[in-house]
Amino acid sequence: MSLIEWLFGVKKFDLIAPFYDNVLSFIEKNTLSQLRRRFVPMVEGEVLDLAVGTGHNLTFYPLHKISKVCMIDLSNGMLSKAREKIENDENLKSQSEKFDLVQGPCESMPFNDEQFDVILSIDVMCSVDDQKKTLDEAYRVLKRGGKAIFVEHFKTGHFWYDLLLRLVTLITMPLVGASMVRETDKSIENSQFNVEKEER
C-alpha cells in the first residue's frame, strides 16, 4: 500500500488521474513522447497496450494498421481520462469501435491465450506489482510468432546514476509505486520471450 493509499484510503492512481498529465508533462515532452513516436507506430493487427494510464499512446497508434487495440490499466480513474481523450479527438472518436478499455491488473489479465498480435509496454514495468507474472501473462496472451515491444527504464549498473535513481525512488515509490532501480532488463531476458533486438 502506498503512502497516498494509507493516508486517504483510495487507490493512488485514481487519486492522481485528474492531474497526472500535468505532473508528467515535462518528462512526456522531453523524453517519453519521442519514444512513443518511434515505437507505437510499430504495432498492427490486434494489439494489447499494457498499463496505459491516461492514454499517452493514443496519438501515435497507426489506426490504419490496427484491427483492435485493448488498453488495460489497473485504475478506472486513468482509463476515464483515456476515454475522454478518445471522445475529444475527432479522428479517434470516428474509430472508437477499435478501442477496448479494460480495468484490471497486468499480472492477471482477462484475455484468451494467444489472442494478440502485438504486446506494447511503455514505461510499465517500474510500477507493476510483479514483473514475472506480468511478463508471463503477456507471453500467454501473445500469439505464437507475435511481437512484444518493451520500452522501459531500469537500473543502469553505474554507481552514481543508480544512486541518483535510488534517491528519486524515495519519492516515486511511496507516491505512485514506481521504482527507478528495478532490473527490468534482466526480468525480460529471463522471461519466456525470445529477445530479438535490444537497445539501450
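Reply: With that, T134 lies in helix α7, residues 131-141. This is a predicted model, where local features need pLDDT of at least 70, side-chain atom pairs count only at pLDDT 80 or more, and totals for chains, interfaces and linings use all residues. Residues are numbered from 1 along each chain as its sequence is written, and side-chain values use heavy atoms, with hydrogens and water left out.

Me: OK, T134 then. Buried or exposed?

Reply: T134 counts as buried, because its relative accessibility is 0%. Buried means under 20% relative accessible area, exposed over 50%, and partly exposed in between (1.4 Å probe, protein chains only).

Me: What does T134 touch?

Reply: Leaving out residues up to four places away in sequence, T134 touches L50, C106, E107, M125 and V128. A contact here means heavy atoms within 4.5 Å.

Me: Which residues of α7 are buried?

Reply: They are Q131, T134, L135, E137, A138 and V141. Looking down the axis of α7, these buried residues fall within an arc of 160°, so they line one face of the helix. That arc is taken from the directions from the helix axis to the C-beta atoms.

Me: And what covers them?

Reply: The cover includes β1, β4 (116-122), β5 (142-151) and α9 (184-189).

Me: Switching to strands: how many bridges join β1 to β2?

Reply: There are 5 bridges between β1 (residues 45-49) and β2, and the two run parallel. Strands pair if DSSP finds at least two bridges between them. G45 stands opposite I66 in β2.

Me: Why is β2 called largely enclosed?

Reply: Because 6 of the 8 residues of β2 (residues 66-73) are buried.

Me: Last topic, rings. How many aromatic pairs are there?

Reply: The structure holds 4. Rings of Phe, Tyr and Trp (its six-membered ring) pair if their centres lie within 6.5 Å; planes under 30 degrees apart count as stacked, over 60 as edge-to-face and the rest as tilted. One of the pairs is Y61 with F99, tilted, at 6.3 Å centre to centre and 40° between the planes. Y61 lies in the loop between β1 and β2 and F99 in β3, so the pair ties together parts that are 38 residues apart in sequence.

Conventions
Helices (H or I, at least four residues) and strands (E, at least two) are DSSP runs, numbered from the N terminus.
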